[in-house]
Every structure is written in structure tokens, then in C-alpha cells.
Amino acid sequence: AAGRGAAGRTAGEGAAGDDGPGQTSDELEAQGVPKAEIRKILRQQRQKRWEQLLASKPDDKYVDPADVAAMEHARNFMGDYKLKTDDDYVVPEHLRINADKKRRQMVLLEEAVYAIKMGFNDRFLALRDLKTRIVANVCADNARVKEINSELGVAGEALWEPATRHEEFPEKRFEFTEDELVGFAKKQGGASGALSAGKPAIAKAAT
């Protein structure tokens with residue numbers, strides 16, 4: 001027991017006088033130091049580290065030169081920012097909105113909308129051309145299949161025939177066939193006859 005006490009005192013004195021992190025509880029226990037003495041040594045080590053930390057604490061009036069230089073740099077180069085909520089705030093000339101600026105914005109918006117529409121038209125026409133080529137290829141393949149069936153004497157089943165729609169070609173809206181003109185004339189003639197037949201009835205009802 002006396003030997004253990006001497007060993008504990010020796011280890012405690014070494015841990016308390018050492019500037020390093022000190023010994024751990026496992027190391028002290030491996031040296032045969034009693035557990036009560038280990039707890040005492042660890043408390044001494046913690047107290048010493050706490051005193052060292054407090055000793056390294058700067059004074060309350062101390063100012064880091066790096067912080068002073070950073071604040072000075074920010075004060076000189078951050079710029080002059082005005083608060084719009086100030087009573088004496090005046091909008092700078094280059095930030096004021098007038099009719100000319102708004103008119104310029106409207107023109108730019110119209111150009112942007114036009115560019116978007118033209119881009120959409122280009123993509124639409126590209127897809128339409130692709131569809132037209134696909135329709136032509138399918139029709140050619142169907143014609144070839146019909147020829148092969150005719151040579152083989154096989155009736156075969158009806159083949160699907162793709163086609164394009166009239167709405168997909170807006171540039172042809174002013175192109176008319178003879179049948180379309182004749183049909184339109186008949187429709188107009190029927191409407192005119194119905195209108196002329198209705199006039200006497202309206203006049204008779206008015207009298």
C-alpha cells in the first residue's frame with residue numbers, strides 16, 4: 001500500500017508539473033496508481049488546462065490588428081449605400097424611371113417575344129418537315145408492299161396510310177382548288193337565296 005501511495009504521488013506530481021496534455025486514466029491504472037489517486041490526478045490536470053486557457057485569454061480592451069485592418073478596408077471600399085426608407089433619400093438620376101426607359105423596355109420585350117415565336121415556328125416547321133418525310137417513306141413502303149402482294153397474288157390486309165393535315169401548312173391558306181371554289185360559291189348562293197327569301201316575310205310582318 002505504501003508503495004502504491006508513493007507511485008501515485010510520483011505520477012501525480014509528474015502529471016501536474018508536465019505542460020503537456022497529461023496522462024490518461026488507462027496509463028495511470030497501468031502504472032498501478034489507485035483509482036482515488038487517478039481521479040485526483042485527472043482533476044489536477046483539468047484544473048491546470050483551465051488555468052492555461054484563462055491565462056491565454058486576451059484582455060477585454062484588446063483589438064486584433066487583422067480585424068482592425070479588415071474593418072478599415074470594408075469602410076473604404078464597401079461603397080455608399082443609401083436606405084430608401086430615409087426621409088431625405090433621393091432617387092439617383094440613372095435609377096429614375098421615365099417614359100423613354102419604359103418605351104425602350106417595351107420594345108425589348110416585343111423583340112424578345114418575337115424571337116421566342118420565331119424559335120417556336122422554326123422548331124414546328126422542322127418537325128413538320130420530318131413528319132412529311134416520314135409520311136412519304138411510309139406511303140412508298142405501302143406502295144411497294146401492294147406491288148409485292150399483287151405479284152404474289154395475295155389480297156393482303158388494308159395498310160395504314162398516314163397523311164398530313166391542312167392546318168400544318170399555314171402558308172397554303174390562300175391556295176384553293178377548283179372544287180373548293182365551286183363549293184364556296186354554292187354555299188354563298190344558298191345563303192344569299194335564303195336571305196332574299198326572308199326579306200319579303202320580314203317586310204310583310206312589319207306592315
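This report describes the overall fold and the salt bridges of a predicted model.

## Basis of the model

Residues are numbered from 1 along each chain as its sequence is written. In this predicted model, local features need pLDDT of at least 70 and side-chain atom pairs count only at pLDDT 80 or more, while totals for chains, interfaces and linings use all residues; side-chain values rest on heavy atoms, with hydrogens and water left out.

## Fold and surface

The chain contains 6 helices and 0 strands, where helices (H or I, at least four residues) and strands (E, at least two) are DSSP runs numbered from the N terminus. Along the sequence, the elements follow the pattern α-α-α-α-α-α.

Of the 207 residues in the chain, 8% are buried; buried denotes under 20% relative accessible area, exposed over 50%, and partly exposed the range in between (1.4 Å probe, protein chains only). The accessible surface of the chain amounts to about 17700 Å², and carbon and sulfur atoms contribute 59% of that area. Accessible areas come from the Shrake-Rupley method with a 1.4 Å probe, and for residues only the protein chains shown count as cover. Among contacts in the chain with a separation of 6 or more, 48% involve residues 24 or more positions apart, a contact being heavy atoms within 4.5 Å.

Side chains of opposite charge can pair when their charged atoms come close. The structure holds 9 salt bridges, each defined as a side-chain nitrogen of Lys or Arg within 4 Å of a carboxyl oxygen of Asp or Glu. One of them joins the side chains of Glu171 and Arg128, with an N to O distance of 2.9 Å. This pair links distant parts of the chain, as Arg128 belongs to helix α5 (99-152) and Glu171 to the loop between α5 and α6 (178-206), 43 residues apart. Arg128 is buried at a relative accessible area of 11%, whereas Glu171 is partly exposed at 44%. Arg128 and Glu171 also belong, together with Asp129, to a network of salt bridges.

A salt bridge also connects Lys131 with Glu168, whose closest N and O atoms are 2.6 Å apart. Because Lys131 lies in helix α5 and Glu168 in the loop between α5 and α6, the pair ties together parts that are 37 residues apart in sequence. Lys131 is partly exposed, with 30% relative accessibility, and Glu168 is buried, with 14%.

## An exposed pair

Glu167 and Arg165 form a salt bridge in which the closest N and O atoms are 3.6 Å apart. Both Glu167 and Arg165 are exposed.
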